[in-house]
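Please look through the sequence and the model before reading on, and keep both at hand while the paragraphs below lead you from one part of the chain to the next.

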Amino acid sequence: MSDHQRQRIHPMNVETQPHHRTPLVPPGSSRSEKVIHVPPPIVHQHATPAINSSKPKRNCFCKCICWTLTLLFLLLIILAATVGALYLVFKPKLPNYSVDTLRISDLRLNFDLSLYAKFDVKITATNPNKKIGIYYEKGGKLSVFYTNTKLCEGSLPEFYQGHQNKTVLNVSLTGQVQSGSTLMAALQQQQQTGRIPLDLDIHAPVAIKLGRLKLKKVKVLGQCQLVVDSLSSNNLVSIKASNCNFKMKL
């Protein structure tokens, strides 16, 4: 048999021959040594916000302010309620005064043309309160003015005045006015009319007594507008009109 026939009897099928493929496992290694490298997960790191340390302090300060204001408000309510209760219980009234007599002991011009005046005044102080006593403290004054010029001044005595009490006070007032010739001429001219206006001012520091409690010192301020008929020396003048007003000052 020729060579050509041999080739025909044993044909070579190319498709049956195995293909050469690249092995998945490198040569010299077993399948159990296969390692799969997994990349690590990507972790996104967020920046931690900084803690503001001043915020708690600010909140604490605001709380302190709120508590303080609330406490003050409550104290004001308690104080107002206490004052209202005391007012309803004691029903306080201002003391009042009346001018009983006015005597001109001396009124003359000196050699230096200053005007010297000495008046004797009798006034009645009245405490109209049923449950309140009045302490007249040191420093009380009584003054007489003519057209805003002080003629003389005297001191009120210190004493305690009980409930619904009337006390008669005799006060001596003296004073000296420089360049009094003009003032003396105006007084003499006014005297011819028979009506001389005078202002009597009262300044009385007093302390109020509620039961056994002596309260803080206050001031009683009063003004009496008088009209007298004469200012002749050593003469008890006639008071033609008198109008008094009083107020209390802390």
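Residues are numbered from 1 along each chain as its sequence is written, and side-chain values use heavy atoms, with hydrogens and water left out. The pLDDT is the predictor's confidence in each residue, from 0 to 100; its mean over the chain is 82, and 77% of the residues reach 70 or more. Over residues 14-20, however, pLDDT stays under 50, and the model has 1 contact beyond four places in sequence for them, where contact means heavy atoms within 4.5 Å. Where pLDDT is low, the predicted coordinates should not be read in detail.

Strands are DSSP runs of E with at least two residues, numbered from the N terminus, and two of them pair if DSSP finds at least two bridges between them. Strand β1 (residues 96-109) and strand β2 (residues 115-127) run antiparallel and are joined by 12 bridges, with Asp106 having Lys118 in β2 as its bridge partner. The hairpin of β1 and β2 has 5 residues between the strands, and there Leu113 takes a positive phi near 65°. Strand β2 also pairs with strand β7 (residues 165-177), in the antiparallel sense over 13 bridges, and Val121 stands opposite Val171 in β7.

Ser143 lies in strand β4 (residues 141-146). Its relative accessible area is 6%, so Ser143 is buried, a word that means under 20%, whereas exposed means over 50% and partly exposed lies in between (1.4 Å probe, protein chains only). Not counting residues up to four places away in sequence, Ser143 touches several residues, including Leu173 and Asp199.

A disulfide, taken here as a pair of cysteine sulfur atoms within 2.5 Å, is found by this rule 1 time. It is formed by Cys224 and Cys244, whose sulfur atoms are 2.0 Å apart. The pair links distant parts of the chain, Cys224 in strand β9 (residues 213-228) and Cys244 in strand β11 (residues 239-249), 20 residues apart. Because the torsion about the S-S bond of Cys224 and Cys244 is about 115°, the disulfide is right-handed. Cys224 is buried at 0% relative accessibility, while Cys244 is partly exposed at 21%. For Cys60, the closest cysteine sulfur, in Cys64, is 4.3 Å away, which is too far for a bond.

Key:
This is a predicted model: local features need pLDDT of at least 70, side-chain atom pairs count only at pLDDT 80 or more; totals for chains, interfaces and linings use all residues. Helices (H or I, at least four residues) and strands (E, at least two) are DSSP runs, numbered from the N terminus.
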